[in-house]
Amino acid sequence: MTDIEDKDIENTPEKVPAAGPDAGTQPKTAAADDSEEVIREVTASDYKYGFVSDVETEVIPTGLSEDVVRLISKKKGEPEWMLDFRLKAYRYWTTLTPPQWAHLEIPEIDFQAISYYAAPVKKEGPKSLDEVDPQILDTFNRLGIPLEEQKALSGMAVDAVMDSVSVKTTHRRALAEKGIIFCPISEAIREYPELVKKYLGSVVSYRDNFYAALNSAVFSDGSFVYIPKGVRCPMELSTYFRINASGTGQFERTLIVADDESYVSYLEGCTAPTRDENQLHAAIVEIVVEEKAEVKYSTVQNWYAGDAQGRGGVYNFVTKRGLCRGNYSKLSWTQVETGSAITWKYPSCILKGDGSVGEFYSVAVTRNRQQADTGTKMIHLGRDTRSTIVSKGISAGHSQNSYRGLVRVAPDADGARNYTQCDSLLLGSDCGAHTFPYIDVMNDTAVVEHEATTSKISEDQLFYCNQRGIPTEEAVGLIVNGYAKEVMNKLPMEFAVEAQKLLSITLEGSIG
Amino acid sequence: MKETEDKEILLQVKNLHARVEDKEILKGIDLTVRRGEVHAIMGPNGSGKSTLSAVLAGDPRFTVTEGSAALHGANLLELSPEDRSHEGLFLSFQYPVEIPGVSMVNFMRAAVNAKRKYFGQEPMSAGDFLKLMRTKREVVELDNKLASRSVNEGFSGGEKKRNEIFQMAVLEPCLSILDETDSGLDIDALRIVASGVNKLKTPENATIVITHYQRLLDYIKPDVVHILYKGRIVYTGGPELALELEEKGYDWIKEQVDAKEL
């Protein structure tokens with residue numbers, strides 16, 4: 001691509017990382033006519049998931065206290081040990097202040113103004129367990145996620161979470177035949193307490209950070225996955241998170257355990273209604289990968305991002321971390337981040353097992369007034385551990401997009417190997433792209449590489465496309481998808497097409 | 001100059017003036033191209049040859065200040081670059097642009113379907129499109145691998161130019177402008193590119209070959225040769241004019257024009 005620039009250089013024991021410059025410029029180009037179905041969809045509404053469902057919802061009063069934590073636990077019918085876990089986290093949280101180190105301007109959040117539990121009310125009357133409120137089914141249908149068992153997507157099991165509760169999990173029977181557990185975490189706490197007790201908080205402790213402590217105190221629902229030894233999960237597992245109620249936050253918690261020699265591919269999607277208020281989403285995802293097991297975790301994050309003036313949008317403060325505990329285990333994170341007003345998230349791998357492998361593939365798009373500070377941590381503890389980081393940032397409008405990553409090689413991690421590629425693409429002259437790579441190597445057999453580029457879509461590229469008859473908006477979509485291809489190729493097929501469309505849609509109108 | 005007055009005029013450029021920023025580069029171009037003709041535009045460096053092709057194609061860096069340009073009667077200057085393309089104008093770039101990560105297949109499919117949409121047609125089916133790609137590849141002996149690679153990324157100079165002619169073959173323009181297509185080509189690549197252009201020639205379309213040297217014109221025979229100097233066409237003749245230039249260089253033209261200016 002054009003304009004590969006030299007970056008500032010930091011001193012590190014190994015290879016040198018590069019830090020990105022602040023902004024580039026994109027000369028003006030005539031906006032082209034609308035084209036492609038994708039773009040037409042957008043002209044109708046900027047964010048097509050912005051609708052609100054008329055579902056009767058029980059929302060507890062705003063504010064956070066020990067009593068609220070007890071209330072949430074009681075509503076979930078939790079055992080004593082779970083309540084203790086929450087209370088410890090809550091007490092610890094009260095001693096903390098929100099982190100300020102990210103390259104983000106976060107307005108002060110009044111944590112007492114948020115309601116910490118909102119649940120669609122179950123209609124009365126004798127119903128089978130599987131029956132779901134038609135309004136909710138309709139909501140998920142509109143999101144492209146049919147929940148009725150007979151219409152459910154083949155090849156993909158879905159756990160649908162609306163506000164604070166899981167409303168439906170599909171394909172459970174087929175999975176159970178293989179011994180796979182895929183259910184709402186609230187159910188797992190009741191049904192599989194030993195497994196949950198063993199793993200919950202083992203990768204992300206409630207003491208990890210401010211938002212992890214908050215989540216540990218008030219988390220509502222999310223998914224629990226357990227893949228038994230030697231089982232290859234026959235379908236994609238997916239959780240779809242939907243915020244619907246206003247004045248609430250969503251605090252989901254996902255726990256995935258892949259036992260020895262098992263495999264699972266897990267997808268996460270999320271959307272929220274268009275609102276003027278900011279909504280808080282503070283999640284934790286914990287993954288444990290045992291010997292020779294492999295977990296692929298893919299996210300397409302499309303929370304409401306706020307309007308062009310920066311009003312509204314979701315604050316997405318998420319702690320995602322996996323532990324490659326067994327030897328030769330593998331964890332791969334793929335994320336396409338297009339939504340949220342503010343994103344603060346670093347899906348990480350702790351490579352404890354010898355020969356374990358961590359991967360992070362990310363496309364982060366920011367436009368309008370969006371801010372993203374996202375990246376990963378690769379912590380090499382075991383011998384011959386390998387990690388790959390490919391981060392593609394795309395900034396437009398007045399947005400700020402930062403990559404922040406840490407590669408740490410511990411003293412005993414002989415033969416550790418990391419490769420990092422960190423690219424930024426700028427659309428427009430008012431946006432910012434930043435790179436904050438940290439490299440911390442304590443073993444002299446390690447090899448750590450960092451490559452970084454900054455580029456912009458050149459007028460030459462657009463004119464070339466125009467000359468061949470391709471209108472500018474479509475050309476931008478093509479070029480951006482080409483730029484992000486390396487990451488998009490890592491997504492499961494079911495997601496890749498949607499994600500490609502999403503990239504084109506998100507950037508519609510960014511040039512001009 | 002051959003008498004071809006009976007043929008329909010395809011491109012009519014009148015008194016075309018264009019500038020980039022504050023600098024006037026085209027200072028009144030008059031040019032008439034009829035269907036079935038091959039025109040060569042020659043001239044020393046900096047005379048405005050590439051600017052003329054860019055302006056006709058609608059490159060937004062140039063501003064047209066005066067004059068007109070019509071392609072089969074359509075006012076080119078009012079059309080967006082993509083609509084000029086749909087109307088049948090093709091520019092083979094002197095420096096084809098690289099678009100990393102975008103495969104030639106995807107790129108061409110977007111181009112073909114944009115054109116079909118312009119004419120109210122449904123997008124081409126994947127099968128038909130791949131068939132089209134296969135047929136057109138043969139025109140410039142482009143192999144299968146090249147078509148699946150990213151647009152111009154890591155292509156050699158020769159491959160880039162062959163790729164331009166391949167795109168021309170797919171889009172079937174009525175007017176092709178080849179901007180310095182011979183630059184950076186070895187003799188074999190030159191022969192392939194030229195033979196591709198010749199294969200695509202029909203009585204209905206026309207080609208403007210912009211070149212510095214006679215060399216390309218040994219393979220693509222022009223009907224008319226123009227000399228562009230200081231933003232104007234100062235001399236128009238038959239194929240023999242190119243040979244004369246090859247022999248005598250541009251100095252005699254420059255002297256004549258500069259003398260007039262005094």
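1. Helix H7 of chain B covers residues 187-200, 14 residues in total. Its first and last C-alpha atoms lie 20 Å apart, close to the 20 Å expected at 1.5 Å a residue. The expected span is 1.5 Å times one less than the number of residues. Helices (H or I, at least four residues) and strands (E, at least two) are DSSP runs, numbered from the N terminus. This is a predicted model: local features need pLDDT of at least 70, side-chain atom pairs count only at pLDDT 80 or more, and totals for chains, interfaces and linings use all residues. Residues are numbered from 1 along each chain as its sequence is written, while chains are lettered from A and ligands numbered from 1 in the order in which they are written.

2. Which residues of H7(B) are buried? They are Leu190(B), Ile192(B), Val193(B), Ala194(B), Gly196(B) and Val197(B). A residue is buried if 20 or more other C-beta atoms lie within 10 Å of its own, exposed if 12 or fewer, and partly exposed in between, with C-beta atoms placed from the backbone. The buried residues of H7(B) pack against helix H6 (157-171), strand E9 (175-179) and E10 of chain B. Contact here means C-beta atoms, placed from the backbone, within 7 Å.

3. E9 and E10 of chain B also belong to an open sheet of six strands, in the order E6-E9-E10-E3-E11-E12. Its pairing is mixed. Two strands pair if DSSP finds at least two bridges between them. Strand E6 (89-92) and strand E12 (232-237) of chain B are the edges, each pairing on one side only. Neighbouring strands are turned by 20 degrees against each other on average, direction ignored. Axes are lines fitted to C-alpha atoms, for helices over the stretch in contact, and angles run from 0 to 180 degrees between N-to-C directions.

4. Within that sheet, strand E3 (residues 38-42) and strand E10 (residues 206-210) of chain B run parallel, joined by four bridges. His39(B) stands opposite Ile208(B) in E10(B).

5. A second open sheet in chain B has four strands, ordered E2-E1-E4-E5. Here the pairing is antiparallel. Strand E1 (residues 9-20) and strand E2 (residues 23-34) of chain B share nine bridges. Val13(B) has Leu31(B) as its bridge partner in E2(B), and Ala18(B) has Leu26(B). E1(B) and E2(B) form a hairpin with two residues between them. Glu21(B), in the turn, has a positive phi of about 50 degrees.

6. Helix H1 (residues 49-57) of chain B lies across E1, E2 and strand E4 (63-71) of chain B. H1(B) runs at about 75 degrees to E2(B).

7. Chain A has 12 helices and 25 strands. Of its 512 residues, 56% count as buried. Among contacts in chain A between residues at least 6 apart in sequence, 83% join residues at least 24 apart.

8. Helix H8 (residues 210-218) of chain A is mostly covered, with eight of its nine residues buried. The cover includes helix H2 (66-75), helix H3 (80-93), strand E10 (253-258), strand E13 (284-289) and strand E15 (313-324) of chain A.

9. Why does Asn215(A) count as buried? Because 28 other C-beta atoms lie within 10 Å. Asn215(A) is placed in helix H8 of chain A. Not counting residues up to four places away in sequence, Asn215(A) touches Phe251(A), Arg253(A), Ala282(A), Ala283(A) and Ile284(A). The C-alpha atoms of Asn215(A) and Ile284(A) are 6.9 Å apart, although 69 residues separate them along the chain.

10. The contact between the chains takes 21 residues from chain A and 23 residues from chain B. On the side of chain A, helix H9 (459-467) and helix H10 (472-483) each supply at least two residues. H9(A) gives the largest share, six residues. By class, this side has 10 nonpolar, seven polar and four charged residues. Ala, Val, Leu, Ile, Met, Phe, Trp, Tyr, Cys and Pro count as nonpolar, Asp, Glu, Lys and Arg as charged, and the others, Gly among them, as polar.

11. The largest nonpolar core has 208 residues. Such a core is a set of buried Ala, Val, Leu, Ile, Met, Phe, Trp, Tyr and Cys residues joined through C-beta atoms within 7 Å. Among the members that touch the most others are Val218(A), Ile479(A) and Phe107(B). Helix H3 (residues 104-118) of chain B gives the most to this core, seven residues. Phe107(B) touches Leu478(A), Ile99(B), Val102(B) and Val151(B), not counting residues up to four places away in sequence.

Note on methods. Contact = placed C-beta atoms within 7 Å.
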